[in-house]
Amino acid sequence: MCKSKMATDIIQPTSPPPPPPKSNKQQPSKSPSSSTQTTTTTTSSSTSSRRSLASLRSSLPDNPHLYDISEIRHATNNFLAKNLCSTTTRSWRCTLHGKDVIIFQRKSQTKLLNPQTVRNKLSSICRSHHVAIVNLLGASISGEYIYLVYHFIRGASLYEALHNRNNPNFTVLSSWMSRVQIASDIANGLDYIHNSTGIDVTYVHNHVKSSSVIVTEEPLFGAKLCHFGVAELCGEPTEERESGVNGKIEEDLEVGTTSFRKLSRSNSVKFNGTRGYMSPEFQATGVGTRKSDVYAFGVILIGLLSGEGPVKYKLDKATKEYKKISAMDAAIAVVADDGGCGGEREGRIRKWVDRRLRDSYPVDVAEKLTRLAVDCVHVDPNKRPDMCRVAGKISKLYLESQAWCERMSVPTDFTVSFAPR
């Protein structure tokens, strides 16, 4: 029988222990049964210790790994494997070093990537370990491209879960608790990225959107944030590296009560963003901040409540032109204090919230979540709450939703028969 991994890690003593000192007193003799019992107890405790250590080791994040490009080529069949995502970002699901992974191809914003610099960044990013964040296993460098290797998570993106092209009236997120759970997971994941004390530096995600959230079902619905570490490894401009942005300043912009500077088109640094999820200051400067992450989370929260995308176009029959409809503007109008009574506001909320929830949700909690989402998408970044406060509020609203579901659940302590008597 082969030895386990834990057994091989134990160092055997090089010399036998010294004999016990002799004593004139006669030692009581031990019966064979007591000796067998002691040996059995010691063996069982040792086995349980090995199992607990093995489970602890498997739960810890892996050490960062800088893969050789030949390993990436072999795993992706020289990049000829089927592209996993439908977006412009190339990605492949494959097996690398015996692990089920997904590899993303990203173009670096810096002209020359230093392997040692990438390794140092990986050592810091890979130390992050949160249940709502997809673990980054390592990276590989090839010219101006960097290949990021993440642990593969079974599930679907939040965008696909909310928007079914074949059947728009169907969604797997048909219960209120599933949507509050997803909102709570995303908020706690972003709070960990922004404010975790276990990471050397605070990070900005910079890619918060519905397609970057994986919805899992193990056994209940949950959410995991993807693409954490992309902004740092690809050299995208964030608030931590704002002074290192190369480009000529063109003009000052006024957004809300805060002044920003717009980068000219000759700027050599490109930034990635998705329409509808970019905050006004991010569109103006191209620099990602924690407040821009809060804005993107507010857009996701509005989508969870309304079931709509951030921007859509509707044909105006009178003018025969398409009219742009913003989900943020609709959410602001729902909770606006226009002097009406509470019944009118409740009617607006019921009309605005996703109809696929079948009016089975606490209206007061839905109103509080809508107000929180509106605060997150405020045009002035200084008036947006930080993710620590947002995560705390959503946790309280989650408990209120859970209590509401328990009150509204069907009693199971008695039976009813509708048979004729």
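Guide: A charge is said to sit over a ring if NZ of Lys or CZ of Arg is within 6 Å of the ring centre and within 35 degrees of the ring normal. This is a predicted model, in which local features need pLDDT of at least 70 and side-chain atom pairs count only at pLDDT 80 or more, while totals for chains, interfaces and linings use all residues. Residues are numbered from 1 along each chain as its sequence is written, and side-chain values use heavy atoms, with hydrogens and water left out.

Visitor: OK, which ring does the charged end of Arg 93 sit over?

Guide: The charged end of Arg 93 sits over the ring of Phe 152, 3.9 Å from its centre, and that of Arg 350 sits over the ring of Tyr 361, at 5.6 Å.

Visitor: And how many aromatic pairs are there?

Guide: Counting rings of Phe, Tyr and Trp (its six-membered ring) whose centres lie within 6.5 Å, with planes under 30 degrees apart called stacked, over 60 edge-to-face and the rest tilted, the count comes to six. One of them, Phe 79 with Tyr 147, is stacked, at 5.3 Å centre to centre and 20° between the planes.

Visitor: Are those two buried or exposed?

Guide: Both Phe 79 and Tyr 147 are buried, where buried means under 20% relative accessible area, exposed over 50% and partly exposed in between (1.4 Å probe, protein chains only).

Visitor: What about Trp 92 and Tyr 147?

Guide: Their ring centres are 6.5 Å apart and their planes at 35°, so the pair is tilted. Phe 79, Trp 92 and Tyr 147 form one aromatic cluster.
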